[in-house]
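Open the model in a viewer and follow the stops below in order. Each stop says what to select and what is there.

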Amino acid sequence: MLNVPSQSFPGPSSQQRVASGGRSKVPLKQGRSLMDWIRLTKSGKDLTGLKGRLIEVTEEELKKHNKKDDCWICIRGFVYNVSPYMEYHPGGEDELMRAAGSDGTDLFDQVHRWVNYESMLKECLVGRMAMKPALPKDYHEEKKVLNGMLPQSQVTDTLAKEDPSSPSYDWFQTDSLVTIVIYTKQKDINLDSVIVDHRDDSFRAETVTKDYSYLVHVALSHEIQEDFSVLVVENVGKIEIVLKKKENTSWKCLGHPQENHNSFIPKKDTGLFYRKCQLVSKEDVTHDTKLFCLMLPPSTHLQVPVGQHVYLKLPITGTEIVKPYTPVSDSLFSEFKEPVLPNNIYIYFLIKIYPAGFFTPELDQLQIGDYVSVSNPEGNFIISQLQELEDLFLLAAGTGFTPMVKVLNYALTNIPSLRKVKLMFFNKTEDDIIWRSQLEKLAFKDKRFEVEFVLSVPTSEWSGKQGYISPALLSEFLKRSSDTSKVLICLCGPTPFTEQGMKMLHDLNFSKDEIHSFTA
């Protein structure tokens with residue numbers, strides 16, 4: 001029997017505001033919205049043409065289905081008949097046809113990897129590819145006891161490459177503690193490099209080193225207490241995870257290996273892992289934007305790196321819908337408090353509620369105490385871009401302000417070479433400006449920081465700048481401290497804003513290395 005892919009793990013990566021890329025949407029016909037598609041999938045109509053059967057698909061068979069009215073696409077080994085979905089696809093029919101009759105996994109990852117396709121296309125599942133992809137030559141199966149791991153039947157472990165630079169792990173114990181040590185063999189490791197989740201007897205620790213993910217994933221042989229601690233020795237790249245035993249007994253082994261245990265693979269090839277977080281507060285920021293505070297479970301260690309995002313997942317009308325958001329601080333000044341708590345259990349989001357939207361009204365309806373699933377962090381903003389920086393320019397439109405919050409705070413707090421930070425914040429009206437009073441207070445408090453507000457629909461009383469992003473506005477705004485100063489320009493907002501801004505910045509002779517785009 002064929003195994004239907006789990007709905008709990010949408011395709012890896014992507015974001016609401018991720019560097020570079022983005023895709024254009026096309027106008028959909030009346031009655032072709034996401035809600036209309038969900039209604040169709042629940043209507044009982046045969047969307048595969050196979051009357052409920054699941055089949056194994058050969059490459060030759062897949063190639064035959066390459067027309068708009070007969071279009072099969074393979075994603076991660078599973079084949080879908082996407083013909084019924086053509087008119088509902090926000091990216092248009094032509095984009096889907098690029099993968100018609102072929103394996104579209106790479107194309108899917110490049111364009112819209114965050115989409116929860118397993119849930120969205122569940123009723124379009126034809127089956128799986130008949131041929132399973134072979135493991136790369138430099139990977140092999142684990143067939144021996146390793147670091148206290150007992151072999152488990154029907155579990156194939158993709159081991160870390162046998163390379164001196166690959167991470168490894170070990171474990172030690174005392175009467176009351178078990179310490180798992182991960183040797184990353186990298187020096188740029190900190191507390192946001194590792195994500196730890198303990199659920200029932202399953203223990204999962206993912207360490208991200210550059211563009212790779214190293215996973216320790218085991219079913220523990222004994223019970224542990226809910227809380228644990230994570231320590232990082234940065235100069236040698238060592239991570240220590242200290243677990244508390246429930247009973248002071250000696251463990252003969254750490255446990256049984258689980259899926260992908262001891263694997264070291266490109267981050268883009270990993271699936272998203274979720275944990276349920278509790279909504280603990282929700283407050284108005286503007287007339288349509290709210291600050292949500294979610295609390296991590298005590299059995300999770302997760303810190304979102306500066307400039308990265310996570311995915312929020314909610315079940316809506318029986319379908320799991322996933323949307324990416326960039327966490328912020330609870331205020332512009334919280335990051336300046338010393339000492340910064342290393343194990344903060346709260347994650348904050350500034351989210352605009354769209355009354356006619358599909359996801360945000362459901363999010364807004366949640367009550368205090370309800371749960372939202374939150375993924376591991378994603379994104380390709382590299383914090384080292386800020387090192388030795390002298391001038392930081394931030395261009396934000398609307399909720400495109402959200403990734404700027406932590407970038408702004410980090411730069412002002414941690415970059416001694418910084419001479420100035422300037423934010424140009426585009427909105428429709430004064431009422432739309434997020435955290436206006438905090439921004440003005442920060443500009444007064446720290447003379448390195450300046451903020452300019454630009455409104456497209458101002459009142460007659462508005463005395464500030466007006467209009468939209470333009471070469472004239474940018475050329476006046478983007479003044480270097482000196483001709484040789486190191487500069488970074490961060491850009492975020494709706495797709496047209498970002499695309500126009502990128503073109504204008506290139507026309508103003510800023511190099512690619514001096515621009516980072518968070519695209520919607």
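The tour goes from the whole chain to one helix and then to some cysteines.

**Whole chain.** Start with everything selected, and keep in mind that this is a predicted model. Colour by secondary structure: the chain has ten helices and 29 strands. Of the 520 residues in the chain, 51% count as buried. Contacts come next: among those with a separation of 6 or more, 73% join residues 24 or more positions apart.

**Helix α7.** Select residues 402–414, which form helix α7. At 1.5 Å a residue, its 13 residues should span 18 Å, and the distance of 19 Å between the end C-alpha atoms agrees with this. Is the helix enclosed or open? Ten of its 13 residues are buried, so α7 is largely enclosed by the rest of the structure. To see the buried part, pick Thr 402 and Pro 403, then the run Met 404, Val 405, Lys 406, Val 407, Leu 408 and Asn 409, and finally Ala 411 and Leu 412.

Select Cys 253, which counts as buried because its relative accessibility is 11%, under the 20% cut-off. Go on to Cys 490, which is in no disulfide. The nearest cysteine sulfur to Cys 490 belongs to Cys 492 and lies 9.4 Å away, whereas a disulfide needs sulfur atoms within 2.5 Å. Cys 490 is also buried, with a relative accessible area of 0%. A search of the whole structure finds zero disulfides.

Note on methods
Residues are numbered from 1 along each chain as its sequence is written. This is a predicted model: local features need pLDDT of at least 70, side-chain atom pairs count only at pLDDT 80 or more; totals for chains, interfaces and linings use all residues. Side-chain values use heavy atoms; hydrogens and water are left out. Helices (H or I, at least four residues) and strands (E, at least two) are DSSP runs, numbered from the N terminus. Buried means under 20% relative accessible area, exposed over 50%, partly exposed in between (1.4 Å probe, protein chains only). Contact means heavy atoms within 4.5 Å. The expected span of a helix is 1.5 Å times one less than its number of residues.
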